[in-house]
Structures are given as C-alpha cells and as structure tokens.
Amino acid sequence: MPDNNPCDQIKGYAREFCDRSLDDGTTAPDGNVIPPSGGVTDTAAELVKDLAKGLCDTVSELVAPKRLSAPVQPKDWSYEPFEWLGQHIAVTIFICVVVVGGLTAWQGLPRLRQMGASTGWTLVAIAGMTAVPGVVMQLNLAVSRAFTAAFNADEATLFGSIQSHLEEGGDAGNPLAQLLIISALVVLLAFAGLVFIARQLGTLAFVCAAPLVLASLARGGDTTAVRAWINRLLGLLFTPMVLLLVTPFIPLTKKSLVLDTVLLLGVCALMLRMIFHGVPYVGPRIAGAARSMVESRTTNPVARAIVRAGVPDVYEQENGPRGIRTVPTPGRAVHQDRGVLLAAYGVPQRTRPGRLTTASTIAQVNEGAERHARLTEARRQARVAMQPRTGAPQPRQGPPVPPAGTRPPAPVAPAPQPAPMPTRPPNP
C-alpha cells in the first residue's frame, strides 16, 4: 500500500471497502494501485453483501445497545437529585405514620402493625433507590448480549439467513432482488433508530422516576405503584427480544430475497408495535409521528398498511349522557400511571368527565343536532299525514266496534219522562 493512502478521508464501512480494494490490488512501479482482476460484477456483489452485513450489524446495535442514556451509578448528576427527593419523601411519610400511630395508639395492635410495616418498607425503599441504576444497566447488558448471541448464533436467525441468501439464494444474482433487500434493510434501519430513541428516553424516565415510586412503600407496603413501574420497565428492557418472534417464519422464505424483503417489512411493523406498546410516554408519540410522516409522503397502500398495523388507532370508551360508546381518543398512559402513584400515596383521584376530548365533545354535539333534526322532520311528516286532505269525502263515523272477546255493554233503559204539569181550567 502506498504511503499516501487515498482512503484516509473516508469514514465508516466505506473505509473498510476502500482498504480491502487496495489490499486486493497490486502496486505498479510508479506507486499507483492496479485494481484486482475480478471484474466489476464480482466487486459490486461483494460490496452489496458487505453493505447488507453492515446494515444488519447497525440494526442490532440500535435495537439492543450495550449502553443506555440512563445513569449507571446512584451518584450520577441526573439521578442524585431524584434519589435525594425520594429518600426525603420516604422519611417524611414514615414520620407521619409514626405521629398518626402515636395519636391513635388507643386502637392497639393494628397501629403497631402499621408502624412496624412502615419501618421495614421505608428501609427497603431507601435501599432500593440506590440499587436501581446498577440493576437496570446490568439487566440491559444481559438482554443485549442474549439478543446479539441469538442473532449471530447461526443462519437460522433473520439476519444470518439474509446474509446466506445473498450468497446462495435462489435469486442471489438478481440485481432487483438485491436492491429490494437493501431497501428493506434501510427502512428497517430507520425504524431501529426510532426504537433506539424511544428506549433511551423511556429508560431514563423510568429510572429517574424510581425514587418517587419506591417512596410510596413507606406508607405501609402498598406495592401497586411499584408493580406497575416494574412491569413497564421490564417490558421496555426486553423489547429487542420480540424480534425473535419472526424466527419461525424464516423457513417459509425458501431462500428467496424477495420473501426476505416481505419478512423485513413485517419486522418494521412489529418494531412500531414495540414502540407503541413498550414505552407508554414517549413511544406512542414517536410512533404516531412516524405514521403521520409516512402517510403524508406516500400513497403506496402497502406502506400505509404497514404503518397502520404498527401504529393502530386508539379507541376508548366514554360514558356519555346517552350511554356507553367508543370514540377515538389519545392515549392516557401518563394520567393512568399518575393515578396509580397518587393512590399509593393515599391521594384521592378526581374522576375524569364523560366527554374526554374537545373532538369528542364536538362529535357529540353534532350527533345530537342531527338526531334533533331527524326527530323534528319525523314529527312534521307525521302531522302532515294525520291532517285530512281538502276536497275528499269525509267518512261517516259509525258506532264504535268493541274488540273481539269482550262482552257488549248492557242496554241502558231510557230515563222516565216527567209527567205534564196540570193546567187550570179557563175562567168563566
């Protein structure tokens, strides 16, 4: 290789391709590099394979990164203020429990049990606040290693099968099939970036909220908020393992790059689902923004179907004045988690009104106006139908006919006529 390496200004995977081309070639007496004699077609095929491999590795690193933006140590600048706040809240709750227990000591054993439970759970909460960052980082590292090992174990995995199909598949030499698989990998890379952003922000939010959630244990061992927090956090950390669900469908592709492309598009929809259901705060908004962007920039029905399958419309029941109905409303995960946390602290929750959103209220008003207009028109038509038409002969009104099965009424005797008054004879 000459002293002035022409690949010095190239970064990333392209640098590896450039160095490989220099290594495979020979050097002329004047110092110029002679390219290898493999031909343009062979070099392009190798570049496509290397590009696909690089995209697969990048997707794996984005979906299951070894490091998160969450703090690693409890003394981190982003976590230490929340830990301080959580510890002081736990101690304050414990003092309140002791004071209330002392003022109501006449109740006996129940208050003593409450004070003992509050003491133990306060210590558990304070100790757990310190252990949360390290436990989360170790769990994420374990998930990342397991995901990487599962995807790099053999050719039975998704990325391994794609790389093998590029070499020995039925349409390995077809430029159109290679273009489709590269395009699908690029689209998957974009969705992997969305998953990366959602997991980073979501994990940071959950870890920073851990002291406030654990402080609720000091009230007497109410684990409702803690269990909800753990379930959401574990679902967020184990999100990459959901990609392994497509492994049983790999034999159905039958070493076809086109079918691999269809499977990758299904993986994109699955990753959108991961964002939408895995991270309650950040995920739905990021996934909804991705769906809106795709729908506004393309009219392809396949692309629209994929984003709609990954980001479904959220429907919610509301109790209106005329009964229960289902209306499209935004997600209320933040409100629901806040309600669980406030309930763990003993704060009463205010019930939400029946009409949830402005759009829902407008829809109800419009629906009521249409119903009122229909009823008014029906009444007007009924009155018109009941009015007699002018110029038509009036039917004779006969005696009313008694319904069948009833006895006719008994005839009423005529009332006696009063006797005529006697008259005086005429005067003579």
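How many cavities of 30 Å³ or more does the count come to? The count comes to 1 cavity, where a cavity is a set of points on a 1 Å grid over the protein atoms alone at which a 1.4 Å probe fits but cannot get out. The model is a predicted one, in which local features need pLDDT of at least 70 and side-chain atom pairs count only at pLDDT 80 or more, while totals for chains, interfaces and linings use all residues. Residues are numbered from 1 along each chain as its sequence is written, and side-chain values use heavy atoms, with hydrogens and water left out.

The largest cavity holds about 30 Å³ of space, a volume being the space filled by probe spheres set on the grid points, which are joined across faces, edges and corners. Its lining, meaning residues with an atom within 4 Å of a point, consists of Val195, Ala198, Arg199, Leu236, Thr239, Met274, Ile275 and Val279. Helix 6 (175–215) and helix 8 (257–278) are the elements that give two or more residues to this lining, helices being DSSP runs of H or I with at least four residues, and strands runs of E with at least two, numbered from the N terminus.

Salt bridges, in which a side-chain nitrogen of Lys or Arg lies within 4 Å of a carboxyl oxygen of Asp or Glu, number 5 in the whole structure. In one of them, Glu295 meets Arg291 at 3.0 Å, N to O, and because these residues are 4 apart in helix 9 (residues 283–297), about one helical turn separates them. Arg291 also meets Asp313 at 3.1 Å, N to O; Asp313 lies in the loop between helix 10 (301–310) and strand 3 (315–320) and Arg291 in helix 9, so this pair ties together parts 22 residues apart in sequence. Glu295 in turn meets Arg308 at 3.0 Å, N to O, and since Glu295 lies in helix 9 and Arg308 in helix 10, the pair ties together parts 13 residues apart in sequence.

Arg291 is buried at 14% and Glu295 is buried at 19%, whereas Arg308 is partly exposed at 42% and Asp313 is partly exposed at 45%.

Methods:
1 Å grid on protein atoms, 1.4 Å probe; cavity = no way out; pocket = protein on both sides within 12 Å on 5 of 7 lines; lining within 4 Å. Buried < 20%, exposed > 50% of the residue type's maximum accessible area, 1.4 Å probe, protein only.
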